[in-house]
Amino acid sequence: MAEELQIEHTSEFYKPSQSVIEQANVKEYDEQYKRSIEDPQAYWAEQAEELEWYKKWDKVLDDSNPPFYKWFTGGKINIIHNAIDRHLTTERKNKLAIIWEGEPGDVRTFTYHALNREVSEMANILKAMGVKKGDIVTIYMPQIPELLFSMLACAKIGAAHSVVYGGFSVEALHDRIDDARSRVLLTADGGYRRGKATRLKEIANGAMKRSPTIEVCITVKRTGGDVKMVEGRDFWYHDLKEMPFAKGKCETEVMDAEDMLFILYTSGTTGKPKGVVHTHGGYAVYTATTLKSVFDLKDTDRWWCAADPGWITGHSYIVYSPFINGATVMLYEGAPAHPFPDRWWGMIEKYGVTVLYTSPTAIRGLMRFGSDWPGRHDLSSLRLLGSVGEPINPEAWRWYYEVIGNKNCPIMDTWWQTETGGFMITPLPITPLKPGSATKPFFGIDTAVVDEVGEQVKPGEEGYLVVKAPWPGMLRTIHGDPDRYKEQYWSAYPDKMWYHVGDAARIDKDGYSWIIGRVDDVLKVSGYRLGTAEVESALVSHPDVAESAVVGLPHELKGNAIHAYAILRAGLQGSDALAKELRTHVRKEMGPIAMPESITFVEELPKTRSGKIMRRVLRAKALGQDVGDVSTLET
């Protein structure tokens, strides 16, 4: 008799300590979650009261024109009033807002008072350059403080920002400028990554040649490299700061709750990147609430979200919600392992970081180098850890928990998207944890796992993840393309008006959610449906493998066959014997149906800057096909 497929998610619970429970901002989940689902508008109104409004809302949710939902309609607010202005009349005025370290080792710090000064100067400069309420300003910078100042300054004066990751190509930058029709571009001469200076202004110049809408380009001097400046269009930021118009107070613009705060482009497997639109009111409420609850943020914390501000994790959890909550934010310019694999661990010790939030990709990348590197540093300041970007395999989860957290720091494994604005399925510090599970939905988030016709599947069965009701942090539309918004996110179950996530998932008997991955990344092998994350986790559970990716390629008998790519731990070499051993290991872990046809050893995998493995690129290359839009690929 053939061996059966063995997929059984762990029932092993890691329970929080009594001290973690006692300190938690949220002491209880079940009853509060029940109330938030039964009366979500009352719950979100209660959270919105935590912020300061110029004028309170008339209605919490306007659902008269689904799926174009509106939140806190009639309310007047500006996210900057809550992120900066209101702190200036409290003791937080002189609290550190930002600790920044450049990759070469230079350090800059800013109190909330200094942050306000920098943001006001940038805002005054933008106004002098003709930026008005409702304009969209494109920002293309490395991870330097001026990137944050630029975003905050746009919001302060009522302009929306479109941040483009400072590593994208000429074509990718041009496409985003063109879609946003930006008049003004903010950039830098370059930044540092893995010991080298990037040439951002050179790329920006190439994009502006093709972008007739750009009239003004403001450049921050970071690396000091030679750059070409066009007279009448290009200005050095440090020169503009010396001008009289840059000095003095800048009033924060009063905005409607539904006014656009930013657009952020996210690419799919086909078609041009989508400009996801987020707004001032609902986004401010949602991000502030999720951060305070999930990461238990205290005034004494030093918060390090080790993402790039150029993607949604950076927008929500470096720039906006930490400042709304009055946190001290750690920001680092460069690569995690430069010049040595203990760069991050040394910074945690040096600055007394208390909460670290990063991606499984970064964790696995640092795990490759073993436990000796973090063992050289005192990481006892850490009290909570977090994971974001894609499902974290249990092996990496345990290493993170045991080696970095010293078995004392619960891991907040958060599932969410650019489109959702903030955490959707996530533990709280009080939640018993299962390695690899995002646990349960956040308050007010009504999720389900359903089949093709919208029927809820049984516990343990795989299906499609959906969100059954709107939430304040949700995207409002796709910039300039409302029809695509409806088709992309709301058409799968049109009679029910559910948000279609695009991820496969299952919910176990304990009610814990397991995200399998994008529906496109679910493999069908001989009639079995396998998640790429499950096969990859089986590979990474072998002691020689640091990271893996699997794809399905057409097979005459099986429909699809699994082909795997593996990055080995530092110092190890691939061989035919090891490939055979790994194939056998997966068979043992999951059953014969999951055994890869082949294993290719590689030094790196194609990833987005947010840490997601671009499996479609691997698949296309293996099949000799065009790889399509790779503008989000990390360079």
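## Where two helices meet

Let's start with a contact between two helices: Leu148, Met151, Leu152 and Ala155 in helix 6 touch His315, Ile318, Val319, Tyr320 and Phe323 in helix 11. Sort the residues of this contact by type and you get eight nonpolar, one polar and no charged. Keep in mind as you look around that this is a predicted model.

How are two packed helices described? By the angle between their axes and by the distance between those axes. Here, helix 6 (residues 145–156) and helix 11 (residues 312–324) pack at about 60 degrees, and their axes are 11 Å apart. That angle is why helix 6 counts as oblique to helix 11. As for handedness, the crossing of helix 6 and helix 11 is right-handed.

Next, find helix 7, which covers residues 170–180. Which of its residues are buried? They are Ala172, Leu173, His174, Arg176, Ile177 and Ala180. An α-helix has 3.6 residues a turn, so residues three or four places apart point the same way.

## A buried asparagine

Now hop over to helix 5 (residues 112–128), where asparagine 124 sits. Is asparagine 124 buried or exposed? Its relative accessibility is 10%, and anything under 20% counts as buried, so asparagine 124 is buried.

Which residues does asparagine 124 contact, once its neighbours within four places in sequence are set aside? The list runs Phe245, Ala246, Lys247, Gly248, Lys249 and Cys250.

## Stepping back

Time to zoom out. The protein has 19 helices and 29 strands. Its radius of gyration is 24 Å, close to the 26 Å that the globule rule gives for 635 residues, so the protein is as compact as a globular protein of that length. Along the principal axes, the C-alpha atoms fill a box of roughly 80 × 55 × 50 Å.

How much of the protein is buried? Buried residues account for 60% of the 635. Contacts also reach along the chain: of those between residues at least 6 apart in sequence, 71% join residues at least 24 apart.

Notes:
Residues are numbered from 1 along each chain as its sequence is written. This is a predicted model: local features need pLDDT of at least 70, side-chain atom pairs count only at pLDDT 80 or more; totals for chains, interfaces and linings use all residues. Side-chain values use heavy atoms; hydrogens and water are left out. Axes are lines fitted to C-alpha atoms, for helices over the stretch in contact, and angles run from 0 to 180 degrees between N-to-C directions. Helices (H or I, at least four residues) and strands (E, at least two) are DSSP runs, numbered from the N terminus. Angles under 35 degrees count as roughly parallel, over 145 as roughly antiparallel, 65 to 115 as roughly perpendicular and the rest as oblique. A crossing is left-handed if the near helix is turned anticlockwise from the far one by less than a right angle, and right-handed if clockwise. Contact means heavy atoms within 4.5 Å. Ala, Val, Leu, Ile, Met, Phe, Trp, Tyr, Cys and Pro count as nonpolar, Asp, Glu, Lys and Arg as charged, and the others, Gly among them, as polar. Buried means under 20% relative accessible area, exposed over 50%, partly exposed in between (1.4 Å probe, protein chains only). The radius of gyration is taken over C-alpha atoms; the globule rule is 2.2 Å times the number of residues to the power 0.38.
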